[in-house]
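Look at the sequence and the structure shown here. The report after them describes selected parts of the fold and how the chains are arranged.

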Protein chains: 2
Amino acid sequence: MTNALLRLLAVDHPIVQAPMAGTSSPAMAAEVSNAGGLGSLGLAAMGAEGARAAIAEFRDRSPRSLNVNVFCHATPKANPAIEAAWLDRLRPEFRRFDATPPASLRSLYTSFLADDAMLAVLAVAKPTVVSFHFGAPTEAQARALRQAGIVLVGTATSLDEGKKLALAGMQAIVAQGYEAGGHRGVFDPDGPDDRLTTFALTRVLAKALPVPVLAAGGIMDGAGIAAALRLGASAAQLGTAFVACPESLADAGHRAALMSDAANHTVMTRVISGRPARCLANRFTALAGGVQDGDVPRYPIAYDAGKQLDAAAKAKGEPGFGAQWAGQGAPMARALPAGRLVVELVAEMA
Amino acid sequence: MTNALLRLLAVDHPIVQAPMAGTSSPAMAAEVSNAGGLGSLGLAAMGAEGARAAIAEFRDRSPRSLNVNVFCHATPKANPAIEAAWLDRLRPEFRRFDATPPASLRSLYTSFLADDAMLAVLAVAKPTVVSFHFGAPTEAQARALRQAGIVLVGTATSLDEGKKLALAGMQAIVAQGYEAGGHRGVFDPDGPDDRLTTFALTRVLAKALPVPVLAAGGIMDGAGIAAALRLGASAAQLGTAFVACPESLADAGHRAALMSDAANHTVMTRVISGRPARCLANRFTALAGGVQDGDVPRYPIAYDAGKQLDAAAKAKGEPGFGAQWAGQGAPMARALPAGRLVVELVAEMA
């Protein structure tokens, strides 16, 4: 099959491997692209030099299209009182693993909105696609990337966000349903959220927006991709489907949970990173009960605590504090090589 | 098209009009069934005599299949302290409309689990299908209805509920996604809820259950029905799509909100009835902020307060306290006659 979006992306199949910062790898992206889908790299946690190296590694493995994803969150203001209270709240959890929380928290990731070095790397490396999460790039950034011949793709969780992204020059828009794993792309994590699902959001955006829509959230097999296309999407973006692939950087605890009955339960929570994200229900998500949104430090400051707690727990053999991102389709995850999975997905679509 | 479920239901098209207690009507159900879909009546608010009359009115209008729906909730225990506190909380809202809350609250609807008269009416009237919400019927009830030649259909919001319903003898199961309008069918409203969406739940249930699955939630047009079938459903159940039909009992305020920009925002809340239900965002749902689940009287005791508040508000021209049930597909609602809508849906599926 083909359509305007697939021609724009220069891919054979309507299958995008979701960028999944921290979980995707150049090997995964290359396997997907070599199989005719669109492989993706999540650059948010890498910094500009890491991004340059990752893109180069992809290029060593594949001559085909590549999507790289960056985060457009507002740079958080530190709030020492909230951060100290949060660390106090986590102190008993650290103590279970003979650890103590850090004295203070750092903001781990630079927003793309403030990352001139990343922009420069991308304008030179010229991946086929740059996609955005948590909002749109600045006008100047969008212009620079477009002038480099790069296709721009935004992520929307509502019609309002979709319209804003189209106005910002996005050439295609990912409709991210509430069931999607990992970080919810909502622009303002403290604003109202209608929690629109893949089914409703894809159909509404496909009818209302002037650019092609990619459906994301809960899509795990060829039947799901075909269903997304029937809803008006031009392609489907799958993340959780690729987490258990051998090319994934997911750790052993994440993989084991995903392939177990634990996959039947996911939770949308901001306790891990400071922004709403969907995770397999585990010991970390269980902490969310009783926590008010305002208790959690801003994204990604809270993530600094989350990662240190996970490291302390893992050091004692407890995997249950991992950021075990997964969508509601998790019970259908398969541990296949990424390229082989794409071949299967295409066969199942028929 | 046909399949095993459509043969079982004796219908031409994979389209079920959702029962929607208080909103569906014999005229609506008959129009849908006469057009080759499955028309449904929600009996929960009627009592046995009302049900007998409604089924008879359907029969006067259509010789075809009929689905009637009953509620299998646990009969609530009164809790005068919680109910009095709830009425105190609503007092300022009543006062805005020159009204006072009632001195106490009643449980408005008898659960089917305790309704021998309703069972007797159904066993005699023999609708094609009896479907169940909030749980399964008792073993004796299921046996009596099956012996009368009636097809039994359950409603599941999770794999666990789906398995229980299959074991209870349900011959088909509605996979009700989180995006669906009206009352969420979850068996235990106070238990954990994974909020599975139509996309994820339909696919998981279709793969795991031994009986056919109907998809419900966010499905508004032929594209949505076709997508649901691709996910493995044997039919789609549409509620919100029929709310604006002339045969609907929805009031003017509900219709006006549904056909306006207000349709872009729905909220899952228990403040209206005591159980989680999805409603257009309005003045009533806005009260949910700051309300803890335990503050709200049990279903359907809370509904007594909700209906009286709505009546007081409406009497002063304020429609915003209505139980304006709608799913996330609400922006796609159409004000077409129900039979005409079925014809359009079938055409759109092609």
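Pro300(B) sits in the loop that joins helix 12 (283-286) to helix 13 of chain B. In this predicted model, the peptide bond leading from Tyr299(B) into Pro300(B) is cis, and its omega is near -5 degrees. In chain A, the bond from Tyr299(A) to Pro300(A) is also cis, again with omega near -5 degrees. Pro300(A) is placed in the loop between strand 11 (277-280) and helix 12 (301-315) of chain A.

Helix 13 (301-315) of chain B is also the packing partner of the buried residues of helix 4 of chain B. Those buried residues are Glu83(B), Trp86(B), Leu87(B), Leu90(B), Glu93(B) and Phe94(B). As a general point, an α-helix has 3.6 residues a turn, so residues three or four places apart point the same way. Helix 4 of chain B covers residues 80-96, which is 17 residues; at 1.5 Å a residue it should span 24 Å, and the distance of 24 Å between its end C-alpha atoms agrees with this. The helix is bent by about 40 degrees at Leu90(B), with the proline Pro92(B) following within four residues.

Just past the end of helix 4 of chain B, Asp98(B) has a positive phi of about 55 degrees. Asp98(A) likewise has a positive phi of about 55 degrees, although it is not a glycine. Asp98(A) belongs to the loop between helix 4 (80-96) and helix 5 (116-125) of chain A. Another positive phi in a residue other than glycine, near 70 degrees, is that of Phe134(B). Phe134(B) is part of the loop between strand 4 (129-133) and helix 6 (139-147) of chain B.

Is each of the residues below buried or exposed? The table gives the values.

| Residue | Relative accessibility | Class |
|---|---|---|
| Asp98(A) | 64% | exposed |
| Phe134(B) | 2% | buried |
| His254(A) | 4% | buried |

His254(A) is a residue of helix 11 (residues 252-258) of chain A. Apart from residues up to four places away in sequence, His254(A) touches Val243(A), Leu280(A), Ala323(A), Gln324(A) and Trp325(A).

In soluble globular proteins, nonpolar side chains tend to be buried together. The largest nonpolar core here has 147 residues, and the members that touch the most others are Leu122(A), Phe242(A), Leu122(B) and Phe242(B). A second, separate core has 29 residues, among them Trp86(A), Leu87(A), Ile301(A) and Tyr303(A). Beyond its neighbours within four places in sequence, Phe242(A) is in contact with residues including Met20(A), Met28(A), Val32(A), Leu341(A) and Leu345(A).

How many disulfides does the structure hold? The count over all chains is 0. For Cys245(B), the nearest cysteine sulfur is that of Cys279(B), 19 Å away.

The last topic is the pairing of the chains. Chain B is superposed on chain A by a rotation of 180 degrees with 0.0 Å of shift along the axis, and the RMSD is 0.0 Å. This is the relation of a two-fold axis. The C-alpha of chain B nearest the axis belongs to Ala227(B), at 2.1 Å from it. Since 100% of the interface residues of chain B are also interface residues in chain A, the copies meet through the same surface.

Note on methods
Residues are numbered from 1 along each chain as its sequence is written. Chains are lettered from A and ligands numbered from 1 in the order in which they are written. This is a predicted model: local features need pLDDT of at least 70, side-chain atom pairs count only at pLDDT 80 or more; totals for chains, interfaces and linings use all residues. Side-chain values use heavy atoms; hydrogens and water are left out. Helices (H or I, at least four residues) and strands (E, at least two) are DSSP runs, numbered from the N terminus. The expected span of a helix is 1.5 Å times one less than its number of residues. The bend at a residue is the angle between axes fitted to the seven residues ending there and the seven starting there. Buried means under 20% relative accessible area, exposed over 50%, partly exposed in between (1.4 Å probe, protein chains only). Contact means heavy atoms within 4.5 Å. A nonpolar core is a set of buried Ala, Val, Leu, Ile, Met, Phe, Trp, Tyr and Cys residues joined through side-chain atoms within 4.5 Å. Copies are superposed by least squares on the C-alpha atoms of residues with pLDDT of at least 70 in both. A disulfide is a pair of cysteine sulfur atoms within 2.5 Å.
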